[in-house]
Amino acid sequence: MSRRTFRDGGGFEEAAAYSRAVRAGDHVAVSGTSAPGGDVYEQTRTALTKALAAASELGAGADDVIRTRLLLAHGCDWEGAVRAHREAFAGIDPANTTYFVAGFIPDDVLVEVELEAVVPPR
């Protein structure tokens, strides 16, 4: 099975030895993606855009996404996060888990997005 990776140049990728996204065969996994600054809705919208761009680098589009995860800072506005998710995936409706976590690196992150996609043969 072929394996390809994509890094978007974030310093933490190098420090922690991980890729923003990995494609193995027809499966694409995007690491937790954040966008510090702004409210939960803006952070989620921007993080989803970044995650989808990383998936696109490996051949996956929004229609190929089968699962998403929204990790939220404890007590933040979950409704803003799910509104941004709905705007990105309405009609695609991937499996999703949304949950609160203890915190993030860096501290001003309110949400982190993960996604998985399966790319059909073209």
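I take helices (H or I, at least four residues) and strands (E, at least two) as DSSP runs, numbered from the N terminus. The model I am reading is predicted.

**Loops and backbone**

I looked up the peptide bonds and noted a cis one between Ile105 and Pro106, with omega about 0°. I placed Pro106 in the loop between β5 (95–101) and β6 (111–118). I kept the entry because most peptide bonds are trans.

I then checked phi. Most residues other than glycine have a negative phi. Ala17 is not a glycine, yet I read a positive phi of about 60° there. I found Ala17 in the loop between α1 (11–16) and β2 (21–24).

I located Asp93 in the loop between α3 and β5.

**Helices α2 and α3**

I followed the axes of α2 (residues 40–57) and α3 (residues 78–89), which come within 7 Å and cross at roughly 35°. I noted the crossing as right-handed. By class, I recorded 8 nonpolar, 3 polar and 3 charged residues in the contact of α2 with α3. From α2, the residues in contact include Tyr41, Arg45 and Leu48, and from α3 they include Arg83, Glu87 and Phe89.

**Rings**

Which residue lies over the face of Tyr41? I found Arg83 there, at 3.9 Å from the ring centre. Both Tyr41 and Arg83 are among the residues where α2 and α3 meet. I also searched the whole structure for aromatic pairs and logged 0.

Technical notes
Residues numbered from 1 in each chain as written. Predicted model: local features only at pLDDT ≥ 70, side-chain atom pairs only at ≥ 80, totals over all residues. Heavy atoms only, no water. Phe/Tyr/Trp six-rings, centres within 6.5 Å; stacked < 30°, edge-to-face > 60°. Lys NZ or Arg CZ within 6 Å of the ring centre and 35° of its normal. Axes fitted to C-alpha atoms, helices over the stretch in contact; angles between N-to-C directions. Left-handed = near helix turned anticlockwise from the far one by under 90°. Contact = heavy atoms within 4.5 Å. Nonpolar A, V, L, I, M, F, W, Y, C, P; charged D, E, K, R; others polar.
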